[in-house]
Amino acid sequence: MVIASAPWLGGGGGEGRQQPSQVPTTPDALRSRVVIVAMVIAAANRAGPGCAEPESSAAAAAKLSGRMRASLPPLGPPVSRDRIIASFPKWYTPDACLQLKEHFHGQVSAACQRRNTGTVGLGLSKAVVVGDLHVGKTSLIHRFCKNVFDHDYKATIGVDFEIERFEIAGTPYSLQIWDTAGQEKFKCIASAYYRGAQVIITAFDLTDVQTLEHTRQWLEDALRENEPASCFIFLVGTKKDLLSRAACEQAEGEAVHLANELQAEYWSVSAKTGENVTAFFSRVAALAFEQSVLQALERRSGCRLQVGDGDLIRMEGSPSETQGSERPSGLGCC
Ligand SMILES: Nc1nc2c(ncn2[C@@H]2O[C@H](COP(=O)(O)OP(=O)(O)OP(=O)(O)O)[C@@H](O)[C@H]2O)c(=O)[nH]1
């Protein structure tokens, strides 16, 4: 696919298309805007600490805020059923997986139940997909985001991205998936968008062993623009439908070996049949979400949350002691 890069988007995580704000101009619209602002202020004052409001005004504010809540439209359309993640998605193979656990971290589940996940950044994580040309990066993303598959090859020029919305443990969360060009001549454009990635997906073609060997270099380039200790790395073998079971097992054996070396989680997928595609991205989203919530909780408490085996969590150090800590919570906790 021919896609122009979008420099106005910038390279960091969290950015995206922004709708211009709707500025009311008619008297009616202005009046309703003033009313809403007054209601928000009343509700905020009421919730503020040490606020000694007259009871009647507090009650009025409560009524107003209740009415406001009832009249506000939902934040967006509901997510589709296969984007609702209630339990922690499983790995592809235990031989090369980032976290061998079956539940969300206890602290994360509790925060989600209490709706105490904070802003969790913008509720959005950035994932970049890198790898040789023609390995099937665009096809993988399109199968997941649009449920389509195109037999024709159209090289990606520069970068493109999709945003997929999830509901994870009852909390809205989005994954921004960046598709990058595999062709050497576009590499300098694409690499400008590696920064700010929480997830790096290195793709190779299961039918072409050379593309597996090249993943090492792709990953190195992507990690150069990021903090290695804070990234989840995935190694993904594509075009699974083209291999016999025996050939697939052999290719997977080599890939799992490399995945362990790269400290990556391994997946085999097919964009053509859709095999493992949703499961893979669900796993990506859940890991990124959990890490974001843990980091948000860590920032709030001013302590470092350490994830141990199971759901154990330990808080240590004062804020000053933990500042500059390189390894975020949520990583390396198999
Ligand atoms: N059989 C089969 N073909 C696939 C699969 N995934 C991709 N292809 C084909 O492989 C070719 C390349 O796919 P793309 O998704 O365009 O590859 P890409 O990695 O994005 O390529 P660049 O944009 O150049 O980096 C296309 O002809 C696809 O139809 C798959 O799972 N099975």
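A polar contact here is a pair of N or O atoms within 3.5 Å. Keep that cut-off in hand for the opening stops. The model on screen is predicted.

**Stop 1: the ligand**

Start with lysine 137. One of its polar side-chain atoms lies 2.7 Å from an oxygen atom of the ligand. Move to serine 139. Here a polar side-chain atom lies 2.6 Å from a ligand oxygen. Finish with threonine 156, where an N or O atom of the side chain is 2.7 Å from an oxygen atom of the ligand.

How much of the ligand does the protein cover? On its own, the ligand has 650 Å² of accessible area, and the protein covers 94% of that. The ligand sits in the second largest pocket.

**Stop 2: the salt bridges**

The whole structure holds 13 salt bridges. Take these pairs in turn.

Select glutamate 164 and arginine 83. Their side chains form a salt bridge, 2.7 Å from N to O. Glutamate 164 is in strand 3 (residues 159-168). Arginine 83 is in the loop between helix 2 (55-71) and strand 1 (84-85). Are they buried or exposed? Glutamate 164 and arginine 83 are both buried.

Next, select glutamate 290 and lysine 101. In this salt bridge the closest N and O atoms are 2.5 Å apart. Glutamate 290 belongs to helix 9 (residues 277-301). Lysine 101 lies in the loop between strand 1 and helix 3 (106-113). The pair links distant parts of the chain, 189 residues apart. Both glutamate 290 and lysine 101 are buried.

Stay on helix 9 and select arginine 283. Its salt-bridge partner is glutamate 265, with the closest N and O atoms 2.8 Å apart. Arginine 283 lies in helix 9 and glutamate 265 in strand 7 (residues 265-268), so the pair ties together parts 18 residues apart in sequence. Arginine 283 and glutamate 265 are both buried.

Note on methods: Residues are numbered from 1 along each chain as its sequence is written. This is a predicted model: local features need pLDDT of at least 70, side-chain atom pairs count only at pLDDT 80 or more; totals for chains, interfaces and linings use all residues. Side-chain values use heavy atoms; hydrogens and water are left out. A salt bridge is a side-chain nitrogen of Lys or Arg within 4 Å of a carboxyl oxygen of Asp or Glu. Helices (H or I, at least four residues) and strands (E, at least two) are DSSP runs, numbered from the N terminus. Buried means under 20% relative accessible area, exposed over 50%, partly exposed in between (1.4 Å probe, protein chains only). A polar contact is a pair of N or O atoms within 3.5 Å; within protein, one must be able to donate a hydrogen and the other to accept it, and residues adjacent in sequence count only if both atoms are side-chain atoms. Accessible areas come from the Shrake-Rupley method with a 1.4 Å probe; for residues, only the protein chains shown count as cover. On a 1 Å grid over the protein atoms alone, a cavity is a set of points where a 1.4 Å probe fits but cannot get out, and a pocket is an open set with protein on both sides within 12 Å along at least five of seven lines; lining residues have an atom within 4 Å of a point. A molecule sits in a cavity or pocket if more than half of its atoms lie within 2 Å of its grid points.
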